[in-house]
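Colleague: I am new to this structure and would like to be guided through it. May I put some questions to you?

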Amino acid sequence: MKLMKLSLRNILLGSAFLVAVQSCKQGDKKASQADKLLAGTTTFVADESFSPIVDEEVYVFKAMYPDANPIIKYKPEALVLNTLLNDSVRVAILARNLDTAEVGLFKRRTLPPVISKFAIDAVALIVNQASNDTTITVSEIVKMLNGQSKTDKSIVFDNPNSSLVRYLKQISGNKDFKQKNIYALKSNKEVIKYVSTHTDAIGITGFSWLNDPDDDYADAVNKVKIVGVRDEKSKIAPNEYFKPSQTTLVQKTYPLSRSLYIIDCTGKKGLGAGFAGFLASERGQRIILRSGLLPDSIPSREINITH
């Protein structure tokens with residue numbers, strides 16, 4: 001009987017040991033699959049307003065580093081921020097920086113955010129090609145957003161939780177757009193398509209959506225035009241109207257712009273840091289330059305001199 005008890009005890013101990021060994025092996029396997037600077041898989045969450053430029057950056061990044069697999073989930077800005085703050089995803093691409101309270105939250109989690117600005121986008125106002133409107137002032141925009149203008153124009157922008165709506169609320173001082181002539185659609189594409197078929201509409205959209213559009217809305221882009229904007233309070237050119245371009249963004253003469261940031265709260269040198277480094281690199285900045293947005297650092301231009 002004692003021998004049987006001893007054998008059973010040894011069997012149980014041996015089984016426990018095998019389970020422990022197997023768990024260690026699985027742990028080692030997971031560790032080996034953990035993301036590194038230029039390898040592995042990590043999920044990012046990004047503002048859907050910037051999917052054209054982010055998709056292009058990711059495409060080139062994966063082509064250069066085949067072992068890297070950043071998975072991008074696009075959401076409106078408010079949901080991007082919630083996802084990041086809830087610790088569901090630790091790398092985000094946003095059109096705003098974190099505020100003091102948000103930075104403090106991550107520091108208390110011992111995950112101090114590494115924040116890198118990589119581009120500047122313009123907020124563009126568009127009208128139908130048949131419209132007589134070609135210019136507008138910042139004060140007129142603010143009055144329209146606050147319902148203080150007698151215009152019969154309808155104003156359309158993307159969804160209520162977007163970075164664009166937050167930006168418009170910020171410049172207008174209006175916390176909620178309740179006017180009957182102001183409409184929130186679902187996306188920047190829908191804004192462009194709507195304006196292309198409505199001569200009485202003013203659309204507000206990200207400039208990046210008007211450069212090199214995809215086939216599914218390229219025809220709509222050809223049916224709209226960009227309105228020139230004048231900022232009466234500008235210290236540079238208060239009497240001139242400007243359209244968004246890389247030149248007017250770098251000269252700071254176009255008044256409606258916003259910066260793009262990648263925010264890495266992983267607390268390690270993983271794929272988030274690797275992709276942020278790529279965005280800041282000359283290759284990453286050239287992609288932004290070709291897209292029509294303003295890179296955070298202008299890539300150098302090589303000139304070949306032949307004799």
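Predicted model: local features only at pLDDT ≥ 70, side-chain atom pairs only at ≥ 80, totals over all residues.

Colleague: Are helices H3 and H4 roughly parallel or roughly perpendicular to each other?

Modeller: Two packed helices are described by the angle between their axes and the distance between the axes. The axes of H3, residues 77–85, and H4, residues 100–108, come within 11 Å and cross at roughly 30°. Angles under 35 degrees count as roughly parallel. H3 and H4 are therefore roughly parallel.

Colleague: What do the buried residues of H3 pack against?

Modeller: The buried residues of H3 are Glu 77, Val 80, Leu 81, Thr 83, Leu 84 and Leu 85. Asp 87, with a positive phi near 70°, follows H3. The buried residues of H3 pack against E1, E2, E3, H4, H6 and E11.

Colleague: Which element supplies the largest share of the lining of the largest cavity?

Modeller: A search of the whole structure finds one cavity of 30 Å³ or more, and the volume of the largest cavity is about 40 Å³. Its lining consists of Leu 125, Ile 141, Met 144, Leu 145, Ile 155, Ile 202 and Ile 204, and these residues divide into seven nonpolar, no polar and no charged. Helix H5 and strand E8 each supply at least two residues of this lining. The largest share, three residues, comes from H5.

Colleague: Which helix supplies the largest share of the lining of the largest pocket?

Modeller: The largest pocket has a volume of about 300 Å³. Of the 16 residues that line this pocket, Pro 52, Ile 53, Glu 56, Asn 211 and Asp 212 are the closest to its centre. The lining divides into six nonpolar, four polar and six charged residues, and helices H2 and H11 each supply at least two of its residues. The largest share, five residues, comes from H2.

Colleague: Which elements each supply at least two residues of the lining of the second largest pocket?

Modeller: The second largest pocket holds about 210 Å³ of space. Among the residues that line this pocket are Leu 125, Asp 133, Glu 140, Met 144, Lys 153 and Ile 202. By class, the lining has six nonpolar, three polar and three charged residues. The elements that each supply at least two residues are strand E4, strand E5 and H5.

Colleague: Which residues line both the largest cavity and the second largest pocket?

Modeller: The lining of the largest cavity includes Leu 125, Met 144 and Ile 202. The second largest pocket is also lined by Leu 125, Met 144 and Ile 202.

Key
Residues numbered from 1 in each chain as written. Heavy atoms only, no water. 1 Å grid on protein atoms, 1.4 Å probe; cavity = no way out; pocket = protein on both sides within 12 Å on 5 of 7 lines; lining within 4 Å. Points joined across faces, edges and corners; volume = space filled by probe spheres on them. Helix = DSSP H or I, 4+ residues; strand = E, 2+ residues; numbered from the N terminus. Nonpolar A, V, L, I, M, F, W, Y, C, P; charged D, E, K, R; others polar. Axes fitted to C-alpha atoms, helices over the stretch in contact; angles between N-to-C directions. Parallel < 35°, antiparallel > 145°, perpendicular 65-115°, else oblique. Buried < 20%, exposed > 50% of the residue type's maximum accessible area, 1.4 Å probe, protein only. Contact = heavy atoms within 4.5 Å.
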